[in-house]
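Okay, thanks everyone, let me put this one up on the screen.

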Amino acid sequence: MEQLAPREPKLAIAFGSSWFDQQALLDGMRSVLGALPMAGGSTAGEITPEGPRSHSCAVLLLASEEAACSIGAGESAQSHPHEAGQQAAYAAAREFPSQQRTAFLLFGDGLVSGSTDMIRGLQEGLGTSFLMAGGLTGDDLRFSRTYQYANGRAMSGGISGLLLGGGLKVGVGLEHGFAPISRPHRITRARANVLFELDRLPASSVYEEYFGADLTAQMRQERFTRQAVAFPLGMQQPDGVSGWLLRNVVAFEPDGSLRCNADVPEGASLQLMMSSPQSAMEAAVVAARQAVTSLNRVGCAIVFASAARRVLLGSQNAALEIARIREALGSSVPLIGGYTYGECATTAAATMADRTPVHTESVLVVAFGK
Amino acid sequence: MIAIYVVLLISVLTTVVLMAGVGGGLQLACGGVLLGSLAYLTMRVIGAEHERQELAKLRATYAQLDQQAKWIIRADLELHHAQEELDRRLASLMSLHQLGRQLQVSLKPEEVFQKFDAAIVTNFGFSVGLFGVCPTMGAVAWQSLVGVTPEAAERLRVHVTASGLLKQLLADPTPRLWQAGGGLNAAQRALLDLLGSSSAVVASILPHSGPAGCFILCRPGVRVSTSKADEELVKILAHQLSTAVENSALYEHAWSEQQTLERKVQERTRELAEANAALTRMNKAKSDFVSAVSHELRTPLAAIKGYASLLNSGQFGTLAQPQAERLAKIEKHADLLTQFITNLLDIARIEAGRTTMERRAIPVQEFLATIQELVQPQLLAKRLQLAIDRDGVTELLGDAQHLQRVLVNLLSNAVKYTPESGRISVGLRRDGASVVVTVSDSGCGIPAEDLPKLFQEFYRANDPVNQQIRGTGLGLALVKRIVEAHRGTITVASQRGQGTTFTVMLPAAAEPPAP
């Protein structure tokens, strides 16, 4: 508020550590921000202009006379992801003034298995004619409970978001920097985010084939290890969209199936992917440049970076990545963000297919024009 | 493939023509076509074989590349694993370092346990941490909770105290890793269940002084590493905590002792101040008493002296020789008593602050000449030599009358204690902002044990020489008070048989009046 003065903020976007008492955290924010529309979520680390942080909170205030916004939230996404998405969409649309819609900034629960359904529900409620971007909320890699913020209320297992419009200009960029390293494998059996068979063999045998039995046994015991995030699964995007859609294996099930962080379609071709810190950081720069391409002047930006990237890059390179994003956006551009369990954005290619896929190990930069 | 069918069709037609025995020219032509077709077929078969071989080579290369990808992945994974371990160790060490700095400023043992937050716990590779103080072997009070609700912490507290785990823990100075399936007893397994974790690190904090404590660290969902380095880190953490608790307990003890000491010092200072005030009151009462008594004594003494003088004058008839001698003794003793009372009165006046010392420039030459004149009869009587060295000092600052008494007193003493034909010297010199006056003699000297008491009232050295010399024991006491009233000092140095030197230091310039 001090940095923004004397201008009046129009809306707030917040990222907070899951270690905090979430309601107390939001009450604290509300005590300063009052009834300002606010959306956000818990993270696996917060991003500030100075770099990645842990056990902190970051708030971005947006002041714009032309901007219009409304908040929407949906609950019970674990059991009814599609309906939760629709609920959030209808709530946001109901409150939105009769102006042009530009974008929907979403914060979905990162532990919900049907995140793709959740987003589909959103799109059904809001339409696909405008940008949809956001992240799946995290909980500092504890995989226990994540939170979504909507107007001073902290909820879990839901989805919240900001419907933006009016004269506000929004640009997005999403990249990951991974390339295939293994031969292709056909997904012969899968349901939602669970991968049962590859080439008619138990899915985990692929990991054993490439990683060896010892490492795979170790990965079975821990979630989200550096080894698992270093080699995500990559699928060619369906519907003729170019590029690779990445999936993290978040759990090895006893029956040999692999639980992924988002949907894996049956019949798709799948390969193990690999990256290097250098190419990952280059991808972040590309994402930042994509985000500002359509904007004349950048007012501020939000970064949704994959929690897996932070694990993979390590603390030094993660800080360097944020520094390079800032450099690409302009060092004076205010920037905050969070490390998420999934990133989603309607990129130019995906728009043609009327879908907003859930990515992982990616950097999503959402830039707001002045 | 179509070409092969065409070649086969041509071959079949050619064969049919040959078998039908159609014209010789035609048969020849058909034979040529047949041969050509067979050659073409042979070439195609060879080509197909070559393609199969190429395909097999490509497949082998593809498999090799895939195999190489596996090697790369495994090598990369090993590197990642090593990097992850290194990062974790680094974070743990940094955390230990930061924690050490934070713990240094813990002033109370309980504060040590309150320094733990989520950042420290996660840097050590855990997500849940409980740190507690144990006032007794059977009780624990959590001071820091990370990643666990107060309700769950309370359940854990009840369990560790009721099951006796806490006692076991506090009896063991070595941190332990408890892993499900690792030979744990029922209470230990129940603890892991309550934590929702398959393993946990438990450790006691056992300082030499200060309260004991314990901590539990775990990461639900993850099997905690059991490497030697991890054990060492937890050991260092436990040791660091013990030291911090010990230091803060010692600090607390030292602080408490210091407070007690300060309180005692204040009490003693107050008592001393009160005693000092009482002494001052008593001293004043003494001075008043001495002053009053002296005044009361002076009146009859003056009468005694007056009547003795009258008798001696012969107004009441001529005195017989023995009478005259006794009368002379009366007069002499009356004079001595008068002198004694005068000294007593002067000391009392100076102590009571009723005597004002003038601060005027005194010409040294005249001053010394007067003194020399006063002591000259005594010097002559014992044939003593007096040497005076002014060393260029022309002026003294002070009350001429009182300083004269000082010098006369010192010189009289010197005369008394110096054998006949001895030597006495008076020296003056400038020393910074002071003038130093020394009176030395070649007399018998003063025993070392008597020197510290020399300036006390009524003190006289107990030696055979002193017993033969008359004195009141007030002369040097008066000298000291006069010198101190001038803001000066007087010291004495003496050796048996080597003579004595009194040194008087007087301010050379005027100073502001005493408050």
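So, this is a predicted model, and the contact takes 21 residues from chain A and 20 residues from chain B. Which elements of chain A give two or more residues to the side that touches chain B? Those are α4, α5, which is 213-221, and α6, which is 226-230. The largest share comes from α6(A), with 3 residues. If you sort that side of chain A by class, you get 9 nonpolar, 7 polar and 5 charged residues.

Let's stay with α4 of chain A for a moment, residues 204-211. The buried residues there are A:S204, A:V206, A:Y207, A:Y210 and A:F211. Look down the axis of α4(A) and those buried residues fall within an arc of 150°, so they line one face of the helix.

Now over to β6 of chain A, residues 67-74. Here 8 of the 8 residues are buried, so the strand is largely enclosed by the rest of the structure. You can see that on both sides: A:A67, A:C69, A:I71 and A:A73 point one way from β6(A), while A:A68, A:S70, A:G72 and A:G74 point the other way, and all are buried.

And what does β6(A) pair with? That's β11 of chain A, residues 159-166: the two strands run antiparallel, joined by 8 bridges. If you want a spot to look at, take A:S70, whose bridge partner in β11(A) is A:L163.

Notes. Residues numbered from 1 in each chain as written. Chains lettered and ligands numbered in written order. Predicted model: local features only at pLDDT ≥ 70, side-chain atom pairs only at ≥ 80, totals over all residues. Buried ≥ 20, exposed ≤ 12 C-beta atoms within 10 Å, placed from the backbone. Helix = DSSP H or I, 4+ residues; strand = E, 2+ residues; numbered from the N terminus. Arc of directions from axis to C-beta. Pairing = 2+ DSSP bridges. Contact = placed C-beta atoms within 7 Å. Nonpolar A, V, L, I, M, F, W, Y, C, P; charged D, E, K, R; others polar.
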